[in-house]
Amino acid sequence: MSVESREARQPWILLSPALTAIILLLFVPLGFIVVYSFWLRTATGADQAGFFLDNWQEALTDSFYRDILLNTLKIAGITTIVCALMGYPAAYFIARSRGNKAILLLLLMLPFWISYIIRTMSWINILGVSGALNSVLIGVGIIDEPIQMLYNETTVILGLVHFLLPFMILNVFVSLDGIDETLEDAANSLGATRWQAFTEVTLPLSLPGLAAGGLLCFVLGAGTYITPLVLGGPTDAMFANLVFEAIITQLNWPLGSALSLMLLAVLGALVLIYNRYLGMAQLMKGLG
Amino acid sequence: MGWQLIRFWTLLVYLFMFLPVAVVVLLSFNASQFGSFPMTGFSIRWFVELAQNEAILRAFRTSMILGALTALISTTLGVLASLALVRYRVPGSNLISTLLIAPILVPEVVLAVALLLFLNFMSINKSFALLLFGHVIFTLPFVVLVVQARLVAIRRDIEEAALSLGASPVQTFFEVTLPLMLPAVLAGGLFAFTISFDDITGTLFWKPGGVETVPTQIFAMLRNSISPEINALGTVMIVLTVGLPLLGAAIARQLARKSGG
């Protein structure tokens, strides 16, 4: 064997275990649930192979699923906007601060290491009937009886914002940090006010980071079912809860497949649109 | 003035991120029967009870073993793939990179459903093996991203020097490349371990009945209101998942200093 052909084969030998795993454990299973979504769950509980459109008809025409899908997108949208409003100024502060940048960044990484379920349930300690806020309010004398503040749509959004905010801050920070600070000074010296310099120079240059953070917040937020289970009430189910219900509780796997694919189609479309206009590189900067 | 406002806003944002978590830690030392305010005194009794709770200990063992195996497999696959992408000119490397990170571009719920249904079809039922497959595929992209970012920083000419001085490619890999890569490998492994240790979204789909990991155990305990034990368990997890990476980073820095990097 020539040296060249060995050189050419080596990377494929190194890549093959990872690529095989991803093809066998991701792409083939995804293809499989496309097929499975056309099968039918029969009254006996067995799945009948074939080409039935029943699941898709139910998933696409039943207003129950459509309403929850729209509500899920609404919740993810509000979460993303709140994350952007809260996160942008913080990211700006970190990017422009002098002395304590390193410690602020380290602190920003910590939430990524703290379990999602713990961060989610931590709000029960704050807002629950015997939580911190109720004891403060009673202690100060504003209320006499504890109020139930948990288990509604607002607390679901709160939990999601708490979970996703670090993703937003980090992505905006990465793009703000890459902007030459002297650009703002230049704008100032040319007569722009500080606000003008920000809105016309810095803000547009940081939009890719804001978009990357927004995409992550939206997609991760719209795909969750744990937060509504922990912090939501009985009527606050999101679309992923329907998937969980169909697969784990009702064991209706063909319908669950169709619902999963619907979620994938909606969120995948967003990722593709993002990729078309901004590319994946920005997203990877924030993750890596 | 604007700057002061931004500084204050940032302070509030950080408080928002950390206050609830700090309250978990605080309440885990509460002497009171109920996992709530008011604090009635300092106590470590909930940690003692935790250590005697058979179900929690079992969940801990499961999470540890699952995390360690996930880290081992995921890091091996990820390091090999990263080496190929950083060290060789591979045709279609953009497509390959996208394929390698595909598992995080797909919503985790969808990945969980697809893997569960497909492997069940292949006669692999809900089991530890299914959990392991799931965790490996889900952590692999993160390992690839972290390891690749650090591999780029290793200078190629050190290896070339070894080769030109007569070392074989295998010798060069084990005596030059691998020691230089060690911080990247450790970082990737730790990352995979913590992601696996924290995962609940996929785990709830894949775990067999009766088997719990620490997050699913916490989730199950939450069904009957919040107890001081949950807060104590939360505190232990925070110490583990925050302390371990910090320790890892310190060790990596030490190693880097020793090897003159």
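This is a predicted model: local features need pLDDT of at least 70, side-chain atom pairs count only at pLDDT 80 or more; totals for chains, interfaces and linings use all residues.
Me: What is phi of B:Ser123?
Reply: The residue is other than glycine. Even so, its phi is positive. The value is near 70°.

Me: Is B:Ser123 buried or exposed?
Reply: Exposed means over 50% relative accessible area. B:Ser123 has 63%. The residue is therefore exposed.

Me: Which loop of chain A holds A:Leu251?
Reply: A:Leu251 is not a glycine, yet it has a positive phi of about 55°. Its place is in the loop between α11 (239–249) and α12 (253–278) of chain A.

Me: What is the relative accessible area of A:Leu251?
Reply: Buried ends at 20% and exposed starts over 50%, with partly exposed in between. A:Leu251 counts as partly exposed. Its relative accessible area is 45%.

Me: What distance does helix α5 of chain A reach from its first C-alpha to its last?
Reply: At 1.5 Å a residue, 16 Å is expected. The model's value is close to that. Helix α5 of chain A reaches 18 Å.

Me: Which residue has a side-chain oxygen within 3.3 Å of the backbone nitrogen of A:Ile117?
Reply: The contact is at the start of α5(A). The backbone nitrogen belongs to A:Ile117. The side-chain oxygen belongs to A:Ser115.

Me: What share of the area buried between chain A and chain B do carbon and sulfur atoms give?
Reply: In contact are 81 residues of chain A and 75 of chain B. The area buried between them is about 7,100 Å². Carbon and sulfur atoms give 86%.

Me: Which helix gives the largest share of the side of chain A that touches chain B?
Reply: Between the chains there are 0 salt bridges. Residue pairs in polar contact number 8. On the side of chain A that touches chain B, 65 residues are nonpolar, 13 polar and 3 charged. The largest share, 21 residues, comes from helix α1 (residues 3–36) of chain A.

Terms used: Residues are numbered from 1 along each chain as its sequence is written. Chains are lettered from A and ligands numbered from 1 in the order in which they are written. Side-chain values use heavy atoms; hydrogens and water are left out. Contact means heavy atoms within 4.5 Å. Buried area is the accessible area (1.4 Å probe) that two parts lose on being put together, summed over both. A salt bridge is a side-chain nitrogen of Lys or Arg within 4 Å of a carboxyl oxygen of Asp or Glu. A polar contact is a pair of N or O atoms within 3.5 Å; within protein, one must be able to donate a hydrogen and the other to accept it, and residues adjacent in sequence count only if both atoms are side-chain atoms. Helices (H or I, at least four residues) and strands (E, at least two) are DSSP runs, numbered from the N terminus. Ala, Val, Leu, Ile, Met, Phe, Trp, Tyr, Cys and Pro count as nonpolar, Asp, Glu, Lys and Arg as charged, and the others, Gly among them, as polar. The expected span of a helix is 1.5 Å times one less than its number of residues. Buried means under 20% relative accessible area, exposed over 50%, partly exposed in between (1.4 Å probe, protein chains only).
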